[in-house]
Amino acid sequence: MSVDLSQFHQVFFEESFEGLDIMESELLDMDPADVDDETVNNIFRAAHSIKGGAGTFGFMPVSEFTHVLETLLDEIRSGKRSMEPRYVDLFLQSVDCLRGMLSDMQEGNDPETERPAELRKEFEVILGMEQESAPEEAASEPDEKDGGWLIDVQPHTDLLMTGNEPFRMFRELRELVGEDNFEVTADIDSVPELSSLAPEECVMNWQIKVTTSVPLDDIKAIFEWVEDECDLTYSPLVGTSEVEAESSAVDATGTPAAGQLPEAAAVASPEKTAVVAEAQKSAKPAKAPKKAAESSSIRVSIDKVDSLINMVGELVITQSMLGQLGQDFDLSRLAKLQEGLSQLEQNTRELQESVMKIRMMPISFAFSRFPRLVRDLGGQLGKKVILETIGEQTELDKTVMEKINDPLVHLVRNSMDHGLETTEKRIAAGKSEEGTITLNAYHQGGNIVIEVADDGAGLNEDRILKKAIEKGLVPENNSLTPEEIHNLIFLPGFSTAEAVSDISGRGVGMDVVRRNIQALNGSIEVKSQRNVGSTFIIRLPLTLAILDGQLVKVCEETYIFPLVSIVESIQIHRSSLNHVTGSQYVMQLRDEYIPIVRLDQIFGLRDDKDVVDEMMLVVVEGDNEKIGIVVDDLLGQQQVVIKSLEQNYQKVSGISGATILGDGTVALIIDISSIGKNIVPVKRNQNRSERAA
Amino acid sequence: MEELKKEIVLPEGDIGDEQQYLTFIMSGEEYGVDILAVQEIRGWEEPTLIPNAPSYIRGVINLRGTIVPIMDLRLRFGLEEAGYTATTVVIILKFDSGNGERVMGIVVDAVSDVYTIADDDTRRPPELTEDDNSDFIKGLVNVNEKMVILLDVEELLMLRMGMAATPYSIDED
């Protein structure tokens, strides 16, 4: 049969990445001193299906590498070896390595070979395989046996409950080798009295003697499905002429046959893998269609879909009610019409909310990578760190989630590197030996708030201030409050790390974090207390697709300001404006000087440069700097759906997107931060001395 | 949609094939565009201005929920402005930019005709001056003793990508 396997490649990669995630999280949860069988089994199963899949699709480097990993796992699983912390580290490194190999292959490149080879050596040392390529030998030698096989089948008691019937397998094996060369002996010693016999339990063992030359792989293919439910031992039939030498070779590997051999098949060579591949094919395609669809979609819980269907149902009812009303309408039924319209409005709004919810995912998707990060980093830094996550079920937009990941990683790294003290210092300060990093997510108003907190030393105000003065970010004699000092760390080019480490402290950190968050229409602030800890608070809009907007009018054109960035709107007289350098105006607003921008000027809507006497000023805050924007009139506030201007046109400076108003016309949405950048020279200087004052 | 595109591509591959062109009149000249690039023909409606856009980009309109820029072809070709009336025609063109489909409207004087033109009959335009307007002329063809200028839709609509230098430009980080 010629099935184009490449169509399943994407599925394989996705499944494998999922498997790696499982392995990783199980490994992290595992306490090497007290290993739970189920945990090891989960890890083993994940590794096993990656290996099987890789073999099926001919990704030999992956399947070979997974094989050694699996061998060690199997020894642990079968109790031949106990789990040790160094194994956990090695497994975790292997997970990373596999992930790298798989993503290389996903992009169609050849996977890296050095790292897998290194790790494989380590595994082989542990497994006591001094020979360079022990797995291949172990796999290939027994296959050359032509004397026959003694197969010891010791099923677990739950074999029958998993739907496996040993008799069928024996029959299949008999067909494979021929009736004359086949002999089964049943061991019924452990069968209890009839009165105490549980009919669903399998209490018999079998010895099967195959007295002809059959490739071991073929035999194993038959028992493939019960590998996990049986203890299978394959041993070559000793006594028949030429097999002694090889049989000793098997022993020489020092690994028990039960653990070693069932896995050997996939490693040996492409032809041999094909056997495994054949056996697995029947299972693979069945799963494929479901998974393939996911690659370009998101998982939506059935509840959400159901509620959507309900709402559409209501909408249809409202529509038919209105339709009926419209058929013979007279003014006496006006009240009914109004009622129907308000119902329609409600339906529409609910429907909109439900549709938005489909894009929402629990933040645990973003949080789930942190246990690993904290563990690795803790090891690297020599700090003991406990990670706590709260509010993992808090939902936010998928796009926001993808974009918030990097800033979060940076913050966590930063907290671990700079925030938490070393163990000695913690003990000296009378704190518990282990530092705690807390990730907390919750909803507040229309926003989602994510907090990254540590119980470390807190921000050192003196050092921050000294550094800021050194870098010329603030003047020497200033009167900044502690909060203001804390927020200086978000200024570009600011880093107080005593030593630049490879974890954080390159001085590009916090301002990049802030910029990324602002790109999502969000904000970040820090709260800190000496010796108690620091908390970074990120506020994000729930979604990027809808924006609360303030409509303004400038020269007959309607523009939209994001409501979140508006500080206040005031009416001013031209006498309150001061002229600085050329055409730049500033205005004193309470104790601050803010630069004034005329929207009609920067958008080239009006030619005259005169300032009228009375004007409407919208004070906005972008990049933590206030700007006053002069508009002609304020219109209403409304939620607007953001549409891309770049899709059919190109990026326009000062504009972040477009939307369609109720009357069907297009209105442009103002990009506050890029408007701010246009008056940089004046604004920066002005504002900085202002901040300091 | 995918199948549709494939079907479109096929006839072009055959040598000596014919293509249909929608032609329109501007300032007495007849211009033609590949009819498969034409999405629809609309009347003029007042677009929303785009700040600091070149003069020939009149703004954007809402085309059933999509934001579509409108280009005045007269201004683009350096012809005199003709003003907009209720009978001014906007041809909505679409093409695959390699980065998804792009849609744009062009303002012309009037729509003229649909011709089937064999590729063999198309003459290359003479090497004109260094005027960049000649870049999007695909060829010239004689139909009923009249010259029709065939335009390359992609060139025409992509050209604006290079003219980002507006008087009010921002240095992006």
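**From chain B to the helices of chain A**

Mentor: Read chain B from its N terminus and the elements run α-β-β-β-β-β-α-β-β-β-β-β-α. That makes 3 helices and 10 strands. Helices (H or I, at least four residues) and strands (E, at least two) are DSSP runs, numbered from the N terminus. This is a predicted model, where local features need pLDDT of at least 70, side-chain atom pairs count only at pLDDT 80 or more, and totals for chains, interfaces and linings use all residues. Residues are numbered from 1 along each chain as its sequence is written, while chains are lettered from A and ligands numbered from 1 in the order in which they are written.

Check the confidence next. pLDDT is the predictor's confidence in each residue, from 0 to 100. For chain B the mean pLDDT is 77. In that chain, 77% of the residues reach 70 or more. The lowest confidence in chain B is in helix α1 (residues 2-13) of chain B, with a mean of 45. The highest is in strand β3 (residues 38-43) of chain B, at 92.

Over residues 1-14 of chain B, pLDDT stays under 50. There the model has 3 contacts beyond four places in sequence. Two residues are in contact if their C-beta atoms, placed from the backbone, lie within 7 Å. Over residues 160-173 of chain B, pLDDT again stays under 50. For that stretch the model has 17 contacts beyond four places in sequence. As for the model's scores, ipTM is 0.76 and pTM is 0.49.

How many residues of chain B are buried? Of its 173 residues, 25% count as buried. A residue is buried if 20 or more other C-beta atoms lie within 10 Å of its own, exposed if 12 or fewer, and partly exposed in between. Take contacts in chain B between residues at least 6 apart in sequence: 55% of them join residues at least 24 apart.

Step across to chain A. In the contact between the two chains, 25 residues of chain A meet 23 residues of chain B. Three elements of chain A, β21 (655-660), β22 (666-670) and α23 (672-677), each supply at least two residues of the side that touches chain B. By class, that side of chain A has 11 nonpolar, 11 polar and 3 charged residues. Ala, Val, Leu, Ile, Met, Phe, Trp, Tyr, Cys and Pro count as nonpolar, Asp, Glu, Lys and Arg as charged, and the others, Gly among them, as polar.

Chain A holds 24 helices and 22 strands. Of its 693 residues, 33% count as buried. Among contacts in chain A with a separation of 6 or more, residues 24 or more positions apart account for 70%.

Pick one helix pair. In chain A, helix α7 (residues 166-177) and helix α8 (residues 216-223) pack at an angle of about 155°, with axes 9 Å apart. So α7(A) is roughly antiparallel to α8(A). Angles under 35 degrees count as roughly parallel, over 145 as roughly antiparallel, 65 to 115 as roughly perpendicular and the rest as oblique. From α7(A), Met169(A), Glu172(A), Leu173(A) and Leu176(A) meet Asp218(A), Ile219(A), Ile222(A) and Phe223(A) of α8(A). By class, the residues of this contact are 6 nonpolar, no polar and 2 charged.

Stay in α7 of chain A, where Val177(A) sits. Val177(A) is buried, because 22 other C-beta atoms lie within 10 Å. Leaving aside neighbours within four places in sequence, Val177(A) contacts Phe182(A), Val210(A), Thr212(A) and Val214(A). Val177(A) and Val214(A) are 37 residues apart along the chain, yet their C-alpha atoms are separated by 7.0 Å.

Helix α3 (residues 60-77) and helix α5 (residues 114-127) of chain A have axes that come within 9 Å and cross at roughly 25°. Therefore α3(A) and α5(A) are roughly parallel to each other. The α3(A) side of the contact includes Phe65(A), Val68(A) and Leu69(A), and the α5(A) side includes Arg120(A), Phe123(A) and Leu127(A). By class, the contact has 9 nonpolar, 1 polar and 2 charged residues.

End on a strand. Val630(A) lies in strand β19 (residues 625-631) of chain A. Val630(A) counts as buried, because it has 22 C-beta neighbours inside 10 Å. Not counting residues up to four places away in sequence, Val630(A) touches several residues, among them Ile596(A), Leu599(A) and Met615(A). Val630(A) and Leu599(A) are 31 residues apart in sequence but 6.1 Å apart in space, C-alpha to C-alpha.

Definitions and conventions. Axes fitted to C-alpha atoms, helices over the stretch in contact; angles between N-to-C directions.
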